[in-house]
Amino acid sequence: MQIKVAVAYHSGYGHTAKQAAAVAAGAEKVPDTQVRLVSLAELNDELWEVLQESDALIFGTPTYMGGSSAVFRAFVEATSAVWGDNMRWKNKIAGGFTNSGNMAGDKLNALIDIALFAAQHGMVWVGLAEYGGWNTSSGSPEDLNRLGSWLGAMSQSNNDEGADVTPCASDLRTAEALGRRIAETAHIHRAGRAAVGFDEVSA
């Protein structure tokens, strides 16, 4: 049984796009998983079709001024038509990721924004299931989940470095872990619903 996963993101300077690619790479490691990487910069018919036919939607945005970007918010508000049409994304698996220039940067607020958005659509949220890293005297920035996030994947990119340099490898491995977990959960969810005779996740 093939599962479709869409990684839908906005990236202002390329850093979140690099993180999105890592999320997609993680999801692709799960057998029988088709992954589409889609930008939210243009809200066209193809985008809406990809999102509608996907079993899992993983959303990404940079954290700007303590919240999601204006482009991402425009996408969120445009989904009101989907919500109003019998909650068409209900029971899809959802997850999220974000990047900022500061170590903290209030990235949690951006992830909460995405999670609430998914909840209002009746989606099933899946977070990161990895111990926090870089939190002991023997820890390292190379640790998985070095920023200690569980609601979703976080990454940090120095403001004076381009996407060819940052986010760092550990943040990208963390993004991969999120993508893989969401794809695995989507398979389990789809199989479970089929086993008990519920309608399929995707309309």
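Visitor: Which residues line the largest cavity?
Guide: This is a predicted model. In it, K4, V5, Q34, R36, V50, E53 and S54 line the largest cavity.

Visitor: How many cavities of 30 Å³ or more are there in the whole structure?
Guide: The search finds one. The space in the largest cavity comes to about 30 Å³.

Visitor: Which elements give two or more residues to that lining?
Guide: Those are β1 (3-9), β2 and α2 (45-53). By class, the lining of the largest cavity holds three charged, two polar and two nonpolar residues.

Visitor: Now the largest pocket. What is its volume?
Guide: About 270 Å³. It has 19 lining residues, and those closest to the centre of the pocket are Y13, Y64, S100, G101 and N159.

Visitor: Which element supplies the largest share of the pocket lining?
Guide: β3 does, with three residues. α1, β3 and β5 each give the lining at least two.

Visitor: And how many of the lining residues are nonpolar, polar or charged?
Guide: In the largest pocket, 15 are polar, four are nonpolar and none is charged.

Visitor: You mentioned α1. What span should that helix have?
Guide: Helix α1 has 14 residues, 15-28, so at 1.5 Å a residue it should span 20 Å. The end C-alpha atoms of α1 are 20 Å apart, which agrees.

Visitor: Which of the α1 residues are buried?
Guide: H15, T16, Q19, A20, A22, V23, A24, G26 and A27.

Visitor: What do they pack against?
Guide: The buried residues of α1 pack against the strands β1, β2, β3 (56-64), β5 (93-100) and β7 (153-156), and against α6 (169-195).

Visitor: What does L37 touch, leaving aside neighbours within four places in sequence?
Guide: L37 is in contact with V7, Y9, A20, A21 and A24. Of these, A20 and A24 are among the buried residues of α1. The C-alpha atoms of L37 and A8 are 6.2 Å apart, although 29 residues separate the two along the chain.

Visitor: Last topic. What does UniProt list for residues 5-155?
Guide: An unreviewed UniProt entry gives "domain: Flavodoxin-like" for them. In the model, that span is 34% helix and 24% strand, and its end C-alpha atoms lie 21 Å apart.

Terms used:
Residues numbered from 1 in each chain as written. Predicted model: local features only at pLDDT ≥ 70, side-chain atom pairs only at ≥ 80, totals over all residues. Heavy atoms only, no water. Contact = heavy atoms within 4.5 Å. 1 Å grid on protein atoms, 1.4 Å probe; cavity = no way out; pocket = protein on both sides within 12 Å on 5 of 7 lines; lining within 4 Å. Points joined across faces, edges and corners; volume = space filled by probe spheres on them. Helix = DSSP H or I, 4+ residues; strand = E, 2+ residues; numbered from the N terminus. Nonpolar A, V, L, I, M, F, W, Y, C, P; charged D, E, K, R; others polar. UniProt positions renumbered as here; feature names shortened; annotations may be inferred. Expected span 1.5 Å × (residues − 1). Buried < 20%, exposed > 50% of the residue type's maximum accessible area, 1.4 Å probe, protein only.
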